[in-house]
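Here is a short briefing for a first look at this chain. Keep the structure in view as you read.

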Amino acid sequence: MDLTLSENQYNLVYNSLSFVIAAMGAALIFFLLVRSRVAPRHRMALTLSTLVVAIALYHYFRIFDSWSAAFSYVGGEYVQDGEPFNEGYRYVDWLLTVPLLLAELVVVLKLSKGKTRSLLIRLTIAAIAMILLGWPGEVADPDSTARTIWGVASTIPFLYILYVLFIELGRSLDRQSAGVRKLVDGLRYIILATWGVYPLAYIAPSVIDNEATAEVVRQVGYSVADVLAKPLFGILIFAIALAKSREDGYVMPGDTPQEDTQVPDDVSELT
Ligand SMILES: *C/C=C(C)/C=C/C=C(C)/C=C/C1=C(C)CCCC1(C)C
C-alpha cells in the first residue's frame, strides 16, 4: 500500500528539508567569510567545515527534489505514488561528511603528527564502517530482524568513535589551554547529543506503529540532527580555531590588536 501523509505531515518534512538547505547555504557563506579571522595554521579545520556544508547543501537539494517527486496531492492528502524516495542521498552524504567532521575536530587540536595520523585513520575507518553497516538496515523492512541486526552492527563502530573521542582524546587534551579544553569538552557532548539522534531516527519505523508518523519523525529527525552536527559543529570548531589563533598572537590583517583599542571613559563622547 502506498504511504499516505496528511498535508501537515508532508509539509513538515518539506519545510524541514527547505530549512536545512538554508542553514547549509548560510553556513557555507559564513565559513568562507570568517576564514581570514583565524591564523593560517588553523585554517585546515575551516576548510573541512566548508566542504562538509557544501556537500550537505548539494545533497539536500537532491533530497528535497526526491521528496517532492515521490508524492502526489490527491483529495487533500499526499500519496506516495511517484518515483521512489531516494534514501541513498543521506547515506552517501554521511559517507563523505562524517569522516570530514571527525577530521575537523582532530586537525583543530594540533596534536603531534603521529597522533593526528593514527586518530584520522582509525576514526575514518570506524565512520565508514558505521555508515556502510547501517545502510542495508535502513532499506530493510521496518519489522524485520535484518533491520535490527544491521543497526546493532553499525552501533559497534559508533561506540568505538565515542570511546576514542571521550577516553583516548581526553588524555591528549592536557596540552591544550584551559579555554580550548572547555570548548573541546563542550564539542564532545554536542557530538554525543546530536549524533545520538541518528540511531533514534533509524529506530523510529520499528517502534512507531503509524507508518506516516514514523516516516515524518525519521525525516525530520535526520534533518534537525544534520543542522546541529554540521553548521553548529562547524561554528564551534571555528570558535576553537579562533581561540587558538588568539593564543598564538595572530591578528587578522587590517585589524587592530585589542590592546590599542581606545575606549572612551565617557560614553557621551561617542555621540
Ligand atoms: C552529518 C551527518 C552525521 C554526523 C551522521 C551521523 C550518523 C550516525 C551517527 C549514524 C549512526 C547509525 C547508528 C549508530 C545505528 C543505526 C544506523 C545509523 C547509520 C543511523
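Helix axes are lines fitted to C-alpha atoms over the stretch in contact, and the angles between N-to-C directions run from 0 to 180 degrees. The model is predicted. The chain has 8 helices and 3 strands. One helix pair and two single residues are picked out below.

**Overall build**
- Read from the N terminus, the elements follow the order β-α-α-β-β-α-α-α-α-α-α.
- The C-alpha trace spans about 70 × 50 × 25 Å along its principal axes.
- The chain has 271 residues, and 45% of them are buried.
- Its accessible surface is about 13700 Å². Carbon and sulfur atoms hold 63% of that surface.
- Take the contacts between residues at least 6 apart in sequence: 79% of these join residues at least 24 apart.

**Helices H2 and H8**
- Helix H2 covers residues 43-70, and helix H8 covers residues 211-247.
- The two pack at an angle of about 160°, with axes 10 Å apart.
- Angles over 145 degrees count as roughly antiparallel, so H2 and H8 are roughly antiparallel to each other.
- The crossing of H2 past H8 is left-handed.
- On the H2 side, the contact residues are Ala45, Leu46, Ser49, Val52, Val53, Ala56, Tyr60 and Trp67.
- On the H8 side, they are Glu215, Gln219, Tyr222, Ser223, Asp226, Lys230, Pro231, Gly234, Ile237, Phe238 and Ala241.
- By type, the residues of this contact comprise 12 nonpolar, 4 polar and 3 charged.

**Ser245: buried or exposed?**
- Ser245 sits in helix H8.
- Its relative accessibility is 1%, so Ser245 counts as buried. The cut-off for buried is under 20%.
- Setting aside neighbours within four places in sequence, Ser245 contacts Val38, Ala39, His42 and Tyr250.

**Glu83: where does it lie?**
- Glu83 is in the loop between strand S3 (77-79) and helix H3 (88-109).
- Relative accessibility here is 55%, so Glu83 counts as exposed. The cut-off for exposed is over 50%.
- Glu83 touches Ala69 and Ala70, with residues up to four places away in sequence not counted.
- Ser68 is 15 residues from Glu83 in sequence. In space, the two are 9.4 Å apart, C-alpha to C-alpha.

Methods. Residues numbered from 1 in each chain as written. Predicted model: local features only at pLDDT ≥ 70, side-chain atom pairs only at ≥ 80, totals over all residues. Heavy atoms only, no water. Helix = DSSP H or I, 4+ residues; strand = E, 2+ residues; numbered from the N terminus. Parallel < 35°, antiparallel > 145°, perpendicular 65-115°, else oblique. Left-handed = near helix turned anticlockwise from the far one by under 90°. Contact = heavy atoms within 4.5 Å. Nonpolar A, V, L, I, M, F, W, Y, C, P; charged D, E, K, R; others polar. Buried < 20%, exposed > 50% of the residue type's maximum accessible area, 1.4 Å probe, protein only. Areas by Shrake-Rupley, 256 points an atom, 1.4 Å probe, with all protein chains shown as cover.
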